[in-house]
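Let's walk through this structure together, one region at a time. Keep the sequence and the model side by side as you read.

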Amino acid sequence: AQNVTVDEIMTAYKQACQKLNCKQIPKLLKQIQEFKDLAPRIDCLDLKGEKLDYKACEALEEIFKRVQFKIVDLEQTSLDEDGASALFDMIEYYESATHLNISFNKHIGTRGWQAAAHMMRKTNCLQYLDARNTPLLDHSAPFVARALRISSSLVVLHLENASLSGRPLMLLATALKMNMNLRELYLADNKLNGLQDSAQLGNLLKFNCYIQILDLRNNHILDSGLAYICEGLNEQRKGLVTLVLWNNQLTHTGMAYLGMTLPHTQSLETLNLGHNPIGNEGIRNLKNGLIGNRSVLRLGLASTKLTCEGAVAVAEFIAESPRLLRLDLRENEIKTGGLMALSLALKVNHSLLRLDLDREPKKESVKSFIETQKALLAEIQNGCKRNFILAKEKEEKEQKLQQSASMPEITVTEPLEEGPAEDSEDGSATSALEEGEEAGETLTASENGDAEPAEDDDDNRGNVTDSDSDTDEEADAGLETKDLSERPKSPDSADGAATSQLLLSLEKAKDRPPPLRIAEESPSPATSPASAPSQGNERRISVSSPGRGHKIFVVTRVETLPDRAAEATRLREDTDATSKPAEPQSPAPSPKPELPAPQANGAVPESAAGSDPKRGDPNDCESAARDTPLPNGLKTDFVRALPEASSDGDGKTGSCAAEH
């Protein structure tokens, strides 16, 4: 309702209670009085533990009619079929909640579930439904399954302890194969078996690559069921991120299946195998799979019957892993030998931030070993702390990189003296290199979970570096695994701007002879950038940048050019496409007419500013790369043999072939 007040809501609710002859709920009245801003959704309507019969539910309509909520909590409210169906109809009609909790209501029955399914199907705002300990039996399941099959807005669904084993799970799994919105599915404590139920779940994973969290703790999946689930995981390229198999009676046999599957999973980041009797042999079966896997960041092995032998196998994995963030080894019999192996592994591992072990040392026959255990535990914690500090520093570097990448304007001003100009030139090259290194480091950071993991698809490409960069180069830099020295710097760095300025000023050179002559007097290529600029050749060029406004580049210098005679000849014969430099040893190329002219909208030509992968097709880019000479006069064929870029920026490549 528009322009409603707290008093109006109170009055309406009290009148409804009188009319229906039911008791007012004091907890509810108190909450209504505390409502502040009624226009957007109010955070929570909490009715947990209140007994709601049909009349109490009807009275609530006076509230739902006037205000909307983010969370409506109806946990343990003793709802019956009539009350539940009335409430769900209201919530559907008034779009009252984005998060709805109906857990611990054992008697909502078929009609209640039917109304809940109708609400799930019709409401566009409902994202989270918690129905723990609310039985979904054979005759109610088809309604919910139909609602989930027709694109429901639900993102999170909790159905723990809802008696799903058998037909209900089969209906749900079949429906969810077609659902593209659900991201989290919680099915703990449902007595799911290792045959039919697990086969349904494996089948679901084959066809649905949108579910990211699957929680199956406290079921009876067994090794046979894990084989079905692994079969489903094998089919996924992207999809499941978290798999919880806690307490499912899994043994070393099941770990063999999992070990074969892990090298193929590309999105799985959290794997929890706690409270399964896996044993040392199980960890040995799992180890090679974990080493071959490139996605797992968190591994739960609490209470898995490990001893020192198993800890040594885990330590081998830690030493090999460049990305593992957290490992849980609590409630295992890991003594001095195992701790020693873990401590050594942490010396070579730079990613693990948290390793959970029992605080108290284990009993040993040799008493002095207990002190050794304490020392090793402290050493392990220190290793994790060291990694944590390293990760923090890396994160700060990335933030600086992002800030430099999203500067609103870049202006290159004219240097005053020769000396400082050279210094700034060197400085900018160094900073560009550092930025390049940081962009390279983001890949490792992403593998370590500091940034979101990079996916192969274009949608998630930007996740590697969160910077809103002007071109895709910086995002690509994180994905590239090439040597940094061969990678052209981002146009946001001062050096990249200088390269684009050079090419632009060469194109404009025909119209402006005087500045070119100034450049000829410079004695060597190292000092030419400093001596070339003057007030006469300063020129502002507006460059449209994809995604954000315009940037201004001020062109203030021209690289060393051939001597005056060749220059005069070139100026006389504008149409001649192959003017030769008089001095072949001169390091700078003659400006050629085939350099691309600035585009009509003032954008830098692709060869100057580095190609934007989204702007044109690669064939155009490659032909441009063949036609365009490199700034230092080399043919493009030699681009792969170029040495590392020197600090004064002369070795920069201006073609997109180098970037590819």
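Helices here are DSSP runs of H or I with at least four residues, strands are runs of E with at least two, and both are numbered from the N terminus. This is a predicted model, where local features need pLDDT of at least 70, side-chain atom pairs count only at pLDDT 80 or more, and totals for chains, interfaces and linings use all residues. Residues are numbered from 1 along each chain as its sequence is written, and side-chain values use heavy atoms, with hydrogens and water left out.

Ala116 is buried because its relative accessible area is 0% (buried means under 20%, exposed over 50%, and partly exposed in between, with a 1.4 Å probe and protein chains only). From Ala116 to Leu129 the sequence separation is 13 residues, and their C-alpha atoms lie 9.8 Å apart.

Lys122 is also found in helix 5, and at 46% relative accessibility it counts as partly exposed.

Now turn to the loop between helix 8 (196-207) and strand 7 (213-215), where Asn208 sits. Asn208 has 2% relative accessibility, so it counts as buried. Its side chain reaches the backbone oxygen of Leu176 at 2.8 Å.

Technical notes. A polar contact is a pair of N or O atoms within 3.5 Å; within protein, one must be able to donate a hydrogen and the other to accept it, and residues adjacent in sequence count only if both atoms are side-chain atoms.
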